[in-house]
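Colleague: Please take a close look at one part of this model with me. I would like to go through it strand by strand.

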Amino acid sequence: MTALIIFLCLIMLAIIIVQYGKFRELTASIRGEEEAMLESNNRNAAFGMFFMISFLVFCVVSALYYRNWMLGYGPHTSASAHGHELDSLFNWTLFFTGIVFVVCHIFLFWFGYKYKYSKDRKSLFLSHDNTLEVVWTAIPAVVMCFLVVNGLIAWNNVMADVEEGEEYMEIEAMGRQFAWEIRYPGADGLLGERNYKLFTPTNPFGQDWSDEKNLDDFQPTDIVLPKGVKVRVRITSKDVLHNFDLPHFRVKMDAVPGIPTHFVFTPELTTEEYRQNLKEYEDYHAPSDPDDPESEPLWKAFNYELACAELCGKGHYSMKRIVKIVEPEEYERWLEGQTSWYDGNIRGTADDPYANLSERTEIPAFLAGRIADEFDAEAQAALDATDASKKTVILKHVYYSTGSYSFSGITEKYYLSRLLKFMKDNPEVKIELAGHTDSVGSEESNQVLSENRAGAIAQYLLSNGIDDSRFRAVGYGMNKPVDTNETEEGRANNRRTEFTILNAVTAAAGEAASDSSAAE
């Protein structure tokens with residue numbers, strides 16, 4: 001209904017204008033053409049002056065009114081190191097073009113007013129003016145040279161790639177209809193190789209899993225970056241032209257299918273610091289939700305955003321990612337909580353080239369490092385624990401099929417080598433090796449199977465120089481499940497071996513008793 005009313009009003013306005021024109025033609029024919037032309041010229045000249053003044057006032061007032069909402073002004077200073085140079089270049093350009101805009105605007109309407117038609121004025125013939133032509137050629141040329149040279153300097157500084165040996169971190173952003181895919185390197189600091197032919201629903205980047213650098217790469221929901229660290233963003237597109245746009249950091253670069261681009265920048269303000277800048281301005285104390293007066297103020301709800309600045313299709317509006325800038329310490333804590341895409345989506349599936357490691361003679365370096373770090377951390381935690389319930393470590397990488405107690409894969413052998421090293425590094429430690437089964441089969445057969453599983457580990461330690469007085473092997477059958485036996489995954493978790501540190505419990509208790517006696 002509202003649209004219909006507006007449409008009818010526009011039609012009525014058009015009819016009024018047409019009728020007014022006909023009325024003017026009628027009155028002109030009555031009063032005479034020349035008199036009507038003079039009146040029209042005077043009226044248009046006056047309207048031109050009115051428009052000139054009102055438009056200039058509008059431009060100034062609106063700029064002052066919205067200054068705290070515009071990038072580069074008020075609280076919106078650049079959040080990146082290079083952005084200040086771009087803001088300076090923009091301000092210089094605005095200064096010179098602003099002068100031209102105001103002067104031309106005034107001259108345009110003033111000349112229309114001053115030299116409106118008059119029957120008492122004769123036109124002046126002026127072929128040329130050398131001084132005037134030199135002035136209006138030389139001044140723009142000097143200004144243009146200044147702007148172009150400054151622009152080239154800024155371009156070379158801003159678009160420079162990282163130098164060899166320079167410290168930086170690299171991430172990858174890939175645009176697609178209609179979202180951004182983000183990939184981070186893992187502990188090795190290197191992004192793995194990828195191939196567009198490998199794109200699948202479970203492999204959105206087309207990562208080549210035979211490249212070990214890919215195994216620790218992860219794909220977070222939000223973009224989290226450390227303050228003060230140079231970041232190189234590798235920018236690509238999966239389908240159509242997109243544009244990687246971080247306006248608060250003055251970062252903007254096309255994502256072109258088949259042509260990788262990049263942008264390098266250094267964040268200078270954390271998200272929280274930017275919020276505190278906004279808090280200083282009254283404009284940002286308004287509710288973030290206009291329909292909810294109790295909603296958070298704008299400054300508190302602020303987040304940096306990644307957007308697409310290219311019209312890429314119907315869902316263009318949805319290409320938004322939250323960007324968080326944090327202190328380096330907080331970034332390191334965030335990193336520790338990330339899971340690689342390989343571990344979360346590929347490992348153990350048909351796409352996993354390492355699913356059958358029995359065919360390999362050597363464990364991949366990345367996998368070895370991860371297994372070592374995982375075991376060492378869990379073993380040390382069990383060693384340091386004073387609570388007996390926390391002194392057990394499940395041998396996660398020793399896998400069993402139903403009814404089996406043998407292990408021959410290189411993963412199992414490497415994992416058990418860490419247990420062997422732990423026993424050698426801690427000669428005072430004594431452990432219990434416990435075997436467990438799922439619920440498949442009879443209780444008697446599962447009891448024997450669990451004993452065999454524990455015995456196989458015990459035999460490994462014994463054959464590698466660990467005295468049998470330092471360990472005992474027991475089987476618990478299917479009596480101590482850690483997961484449900486109703487699913488295959490749960491049964492796989494229940495088919496396990498584990499070790500429990502024994503003497504450290506006694507030692508801890510003995511130390512506590514000694515401390516108690518000393519206190520008495």
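In what sense do strand S8 and S9 pair, and over how many bridges? Please build up the surroundings from there.

Modeller: Keep in mind that this is a predicted model. Strand S8 covers residues 304-308, and its pairing with S9 is antiparallel, over 4 bridges. Within that pair, Glu-305 stands opposite Ile-322 in S9. Strands of a sheet pair through backbone hydrogen bonds, either parallel or antiparallel.

Now look at S9 again. Strand S9 spans residues 320-326 and also pairs with strand S3, residues 223-226. Here the sense is parallel, again with 4 bridges. Ile-223 faces Val-323 of S9.

Go back to S8. Strand S5 (residues 242-246) runs antiparallel to S8, and 2 bridges join them. Phe-244 stands opposite Cys-308 in S8.

Next, the side chains. The largest nonpolar core has 38 residues. Phe-244, Phe-249 and Tyr-304 are among those with the most contacts inside it. Beyond its neighbours within four places in sequence, Phe-249 is in contact with several residues, including Phe-265, Tyr-304, Val-323 and Ile-325. Apart from that core lies another, of 29 residues, with Ile-363 and Leu-395 among them.

Conventions. Residues are numbered from 1 along each chain as its sequence is written. This is a predicted model: local features need pLDDT of at least 70, side-chain atom pairs count only at pLDDT 80 or more; totals for chains, interfaces and linings use all residues. Side-chain values use heavy atoms; hydrogens and water are left out. A nonpolar core is a set of buried Ala, Val, Leu, Ile, Met, Phe, Trp, Tyr and Cys residues joined through side-chain atoms within 4.5 Å. Buried means under 20% relative accessible area, exposed over 50%, partly exposed in between (1.4 Å probe, protein chains only). Contact means heavy atoms within 4.5 Å. Two strands pair if DSSP finds at least two bridges between them.
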